[in-house]
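Here is a short briefing on one part of a model. Look at the sequence and structure first, then read the points below.

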Amino acid sequence: MKSSLILAEKLLSSGIPNLISVLQEIEGPSIHLDAREVRAIGARAAEILLRFKQNTESAGGTFKIDASAELAQDLQVLAMKEALLEKGAEI
């Protein structure tokens, strides 16, 4: 099993089953998602990531996303930027 993952360029509703599948393969106390190439994210995908983060942290782990500017902007529109990205992170 691995504790890091490079996310796809587009995280849209049609890709939700695949996103869930790859997230289920990740384990460990320190989870890292590389989202520097993500250009678009939908509300359902953002919700899946938020639930994954909450589950990881409630189990005592850490969760970090390295985000592209486009991802950060989409998350801001969805009112999920602060919930998913580290506070003070430069995007």
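Helices (H or I, at least four residues) and strands (E, at least two) are DSSP runs, numbered from the N terminus. This is a predicted model: local features need pLDDT of at least 70, side-chain atom pairs count only at pLDDT 80 or more, and totals for chains, interfaces and linings use all residues. Residues are numbered from 1 along each chain as its sequence is written, and side-chain values use heavy atoms, with hydrogens and water left out.

**Helix 3**
- Leu71, Ala72 and Leu75 are buried in helix 3, which spans residues 69-77. Buried means under 20% relative accessible area, exposed over 50%, and partly exposed in between (1.4 Å probe, protein chains only).
- These residues sit on the same side of helix 3, because they cover an arc of only 100° around the axis. The arc is that of the directions from the helix axis to the C-beta atoms.
- Exposed Gln73 and Val77 lie on the face turned away from the buried side of helix 3.
- Packing partners of the buried residues of helix 3 include strand 3 (30-35), helix 2 (43-58) and strand 5 (62-67). Contact means heavy atoms within 4.5 Å.

**Alanine 43**
- Alanine 43 belongs to helix 2.
- Alanine 43 counts as partly exposed, because its relative accessibility is 47%.

**Alanine 79**
- The loop between helix 3 and helix 4 holds alanine 79.
- Alanine 79 is not glycine, yet its phi is positive, near 60°.
- At 65% relative accessibility, alanine 79 counts as exposed.
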